[in-house]
Every structure is written in structure tokens, then in C-alpha cells.
Amino acid sequence: MKIINFAETNSILNQYVAEIRDVQVQNDRLRFRRNIERIGEIMAYEMSKKFAYSQKNIQTPLGIAPVQTPDNQLVLSTILRAGLPFHQGFLSYFDGAENAFVSAYRKYKDTLKFDIHIEYIASPRIDGKTLIITDPMLATGSSMELSYQAMLTKGHPAEIHVASIIASRQAVEHIAEMLPAEKTTIWCAAIDPEINEHSYIVPGLGDAGDLAYGEKE
Ligand SMILES: O=P(O)(O)OC[C@H]1O[C@H](OP(=O)(O)OP(=O)(O)O)[C@H](O)[C@@H]1O
Ligand SMILES: O=c1cc[nH]c(=O)[nH]1
Ligand SMILES: [Mg+2]
């Protein structure tokens, strides 16, 4: 399993990560969503360097221009609801991708214990394609694992990219165990050291879905 952590490289992406974490800035929902989207755009660009390319001869008004363009058949899959702005960032760059949506939410049994419920999936067939699953937060990694399993009902991808913004160390280890190592890459903007008793990432940023779209009852 390959793990790419953008926190190890200085770039403007870190500014957007700082803003979504910052309690003084993160409550501006429009800015929060846009920062998540911008991180998605940058990650998509970096990810595109790993795709397979071939030369296309493009007819211009004045001649033929050889251009190397990617050949991967992309399926962008996102986990509702916090995944939506992240997905949009990827889709801005990978505008030819097919799209999939999976719902995953924590159903609490008491204040600390919960199960992840997957109730909705809308996806094309994914056999032989490049599956990119986006979710800004990987805390326990369970939502990602179960969403990936739900996607397998639609076929078997040739390669898998798990894209997140803040992942806990535990979630990275969990996904490394649960997804096929030989064809999976985890992309993240930061790996945080722990999760608390409510399974929130520490220091993390709080609740990404609520920050993007408001609290739910
Ligand atoms: O790794 P896990 O422990 O499964 O936690 C991470 C999940 O929690 C968040 O979604 P949440 O369940 O809060 O739903 P929301 O996006 O609707 O707020 C987040 O977007 C992930 O999907
Ligand atoms: O830290 C966390 C954990 C789950 N969901 C979030 O949005 N944040
Ligand atoms: Mg949430």
C-alpha cells in the first residue's frame, strides 16, 4: 500500500488545511467548503501524475499537436455528506469521470458506541476502472472500509485511490489492512496521531459534515 502525505511537502495546500482546522476561520461555511474543494483540486492534479498516458494527435487550426493525455477510466466515488465538496474539487479537474455516491453515517447506540450504516449507493460498473474514493475525514476508517465494500457490489476496480484530508494514524493502518495493498494508494493532507473516546480525530478539525452543511438533529 502506498501512502502519500502532503504534510511532508511545503505547498499552498497547507494553508487551506490550516484554515479548515482553525476555530477562528472554519465557521465560515462557504470558505470551509471552498477550502475542501481546493484541496480536492490540488490532490486531483497530483494524482493525475500517476495515471497511464498515451499520445493523442490533436488537430489545431494550423496543424497537428502531439499531446500526452491520461487513459484511465475514472470513477469518483464519495461518501455523503462531508465528501461532497471534496468530490467537487476532484470533479473540477477530472470532468470526464463517472461518479458514485455512497451514504454512510454513524448510528449511535449510546453516547460513545455506534455502527456505521450504509443505506444508499448510486454507482456505475467499476470493473477494470480507476476507483477514487473521497472522504475528507478518516477517523476509525470504518466508513471508508464499508463504503469500499459497498462499491465492490458494482465490480472490481483495477486500482484504488483513497483520498482524504485528515486521517488518523489508526485509520491509515485499518485501511492498509482492509483494502488490497497491491492496488491501493492512500492520499492525505495530514495524518493525526489519535482519535478520542467519541472517535473524533485529535487535533483534527471537528465535524466536517456539520462545518460544511450545518448541524443535524
Ligand atoms: O472513519 P470513521 O470513524 O468512519 O469516521 C469518518 C466519517 O465521519 C464523517 O462522516 P459522518 O459520519 O460524520 O457523516 P456526515 O458526513 O454526514 O457528517 C466523515 O466524513 C467520514 O465519513
Ligand atoms: O474527527 C472526525 C470524525 C468523524 N467525522 C468528522 O467529521 N470528524
Ligand atoms: Mg459529520
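I take UniProt positions in the numbering used here, with feature names shortened, and I keep in mind that annotations may be inferred rather than shown by experiment. For "domain: Phosphoribosyltransferase", an unreviewed entry, UniProt lists residues 11-214.

I am working on a predicted model, where local features need pLDDT of at least 70, side-chain atom pairs count only at pLDDT 80 or more, and totals for chains, interfaces and linings use all residues. Residues are numbered from 1 along each chain as its sequence is written, while chains are lettered from A and ligands numbered from 1 in the order in which they are written.

**Entry: the listed stretch**

I took helices (H or I, at least four residues) and strands (E, at least two) as DSSP runs, numbered from the N terminus. Over residues 11-214 I read 32% helix and 33% strand. The end C-alpha atoms of that stretch are 29 Å apart.

**Entry: ligand 1**

I counted a residue as near a molecule if its C-beta atom, placed from the backbone, lies within 6 Å of it. I found 21 residues around ligand 1. The closest are Ala-82, Ala-139, Thr-140, Ser-143 and Gly-209. Which element gives the most to this shell? Strand S5 does, with three residues. S5 spans 98-108. Strand S8 (137-138), helix H4 (142-151) and helix H6 (208-213) each supply at least two residues.

For classes, I counted Ala, Val, Leu, Ile, Met, Phe, Trp, Tyr, Cys and Pro as nonpolar, Asp, Glu, Lys and Arg as charged, and the others, Gly among them, as polar. The shell around ligand 1 then has eleven nonpolar, six polar and four charged residues.

**Entry: ligand 2**

I listed Ala-82, Met-137, Ala-139, Tyr-200, Ile-201, Gly-204, Asp-207, Ala-208 and Gly-209 around ligand 2. By class, six are nonpolar, two polar and one charged.

I used axes fitted as lines to C-alpha atoms, for helices over the stretch in contact, with angles from 0 to 180 degrees between N-to-C directions. I call angles under 35 degrees roughly parallel, over 145 roughly antiparallel, 65 to 115 roughly perpendicular and the rest oblique.

The axes of H1 (residues 13-21) and H2 (residues 29-48) come within 9 Å and cross at roughly 150°. H1 is therefore roughly antiparallel to H2. The crossing is left-handed (the near helix is turned anticlockwise from the far one by less than a right angle; clockwise would be right-handed).

Contact here requires C-beta atoms, placed from the backbone, within 7 Å. From H1 I noted Leu-13, Tyr-16, Val-17, Glu-19 and Ile-20. They meet residues of H2 including Arg-31, Phe-32 and Ile-42. This contact has eight nonpolar, one polar and three charged residues.

**Entry: H2 against H3**

The axes of H2 and H3 (residues 83-93) come within 7 Å and cross at roughly 40°. H2 and H3 are therefore oblique to each other. Their crossing is right-handed. Among the contact residues I noted Ile-36, Ala-44 and Tyr-45 of H2, and Pro-85, Phe-90 and Tyr-93 of H3. The contact divides into eight nonpolar, four polar and four charged residues.

**Entry: backbone exceptions**

Most residues other than glycine have a negative phi, and most peptide bonds are trans. I looked for departures.

- A cis peptide bond joins Leu-80 and Arg-81, with omega about 0°. Arg-81 lies in the loop between S4 (74-80) and H3.
- Val-202 to Pro-203 is also cis, with omega near 0°. I place Pro-203 in the loop between S14 (201-202) and H6.
- Ser-199, not a glycine, has a positive phi of about 60°. I found Ser-199 in the loop between S13 (194-195) and S14.

Definitions and conventions: Two residues are in contact if their C-beta atoms, placed from the backbone, lie within 7 Å.
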